[in-house]
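Visitor: Please put the model up, and then we can go through its helices and charged side chains.

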Amino acid sequence: KLDTYRSKEALAFTVTRNLCLDRIKTRHTISMEESGVMEKQETADPPDVQLDRKDKAGKILEIMEHLPETQKTVLHMRDVEGLDFETIANATDMTMNNVRVVLSRARKNVRETFLKQINDGNRTGEKTGREIL
């Protein structure tokens, strides 16, 4: 069937890009504990503070899982994998400016959802999101 395509190079590029995107999307997300985020905490912190940090990290990961697919992918590539904007733009077939916009919106969604969850919990006597952050 290769003879039916006008540009075999374009086909190869598209197939490769799609396979890379599929692999990125299905890659197991490393936990914040595995990535070293949790190591930044002081070991002298009381257990309740350590537990609170783990709870917040879990909530953030859960929120990230419910983002739109593009936002989740870009956020993961930038903040978890540490890729630069150019690499993300090439992998997702977006412009670098579009990657920045999508990343900004993803972070805003995570922040707003997290603060809403915290403030909803405030009705039960918890601190407000601003007090926590």
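**Salt bridges and helix ends**

Guide: Lys72 forms a salt bridge with Glu69, and their closest N and O atoms are 3.7 Å apart. Keep in mind that this is a predicted model.

Visitor: By about how much of the helix are Lys72 and Glu69 separated?

Guide: An α-helix has 3.6 residues a turn, so residues three or four places apart point the same way. Lys72 and Glu69 are 3 residues apart in helix H4, so their separation is about one helical turn.

Visitor: Is Glu69 buried, partly exposed or exposed?

Guide: Partly exposed covers what lies between the buried limit of 20% and the exposed limit of 50%. Glu69 has a relative accessible area of 38%, so Glu69 is partly exposed.

Visitor: Which residues of H4 are buried?

Guide: Buried means under 20% relative accessible area. In H4 that applies to Gln71, Lys72, Thr73, Val74, Leu75, His76 and Met77.

Visitor: Which residue just after H4 takes a positive phi?

Guide: The phi angle in question is about 75 degrees. The residue that takes it, just after H4, is Gly82.

Visitor: Which side chain meets that of Asp79 in a salt bridge, and how far apart in sequence are the parts it ties together?

Guide: The partner of Asp79 is Arg107, at 2.6 Å from N to O. Asp79 lies in helix H4 and Arg107 in helix H6 (residues 96–121), so the pair ties together parts whose separation in sequence is 28 residues.

Visitor: What are the relative accessibilities of Asp79 and Arg107?

Guide: Asp79 counts as partly exposed at 41%. Arg107 also counts as partly exposed, and its value is 37%.

Visitor: Which residues do salt bridges that share partners join into one network?

Guide: The count of salt bridges comes to 7. Those that share partners make one network of Glu65, Glu69 and Lys72.

Definitions and conventions: Residues are numbered from 1 along each chain as its sequence is written. This is a predicted model: local features need pLDDT of at least 70, side-chain atom pairs count only at pLDDT 80 or more; totals for chains, interfaces and linings use all residues. Side-chain values use heavy atoms; hydrogens and water are left out. Buried means under 20% relative accessible area, exposed over 50%, partly exposed in between (1.4 Å probe, protein chains only). Helices (H or I, at least four residues) and strands (E, at least two) are DSSP runs, numbered from the N terminus. A salt bridge is a side-chain nitrogen of Lys or Arg within 4 Å of a carboxyl oxygen of Asp or Glu.
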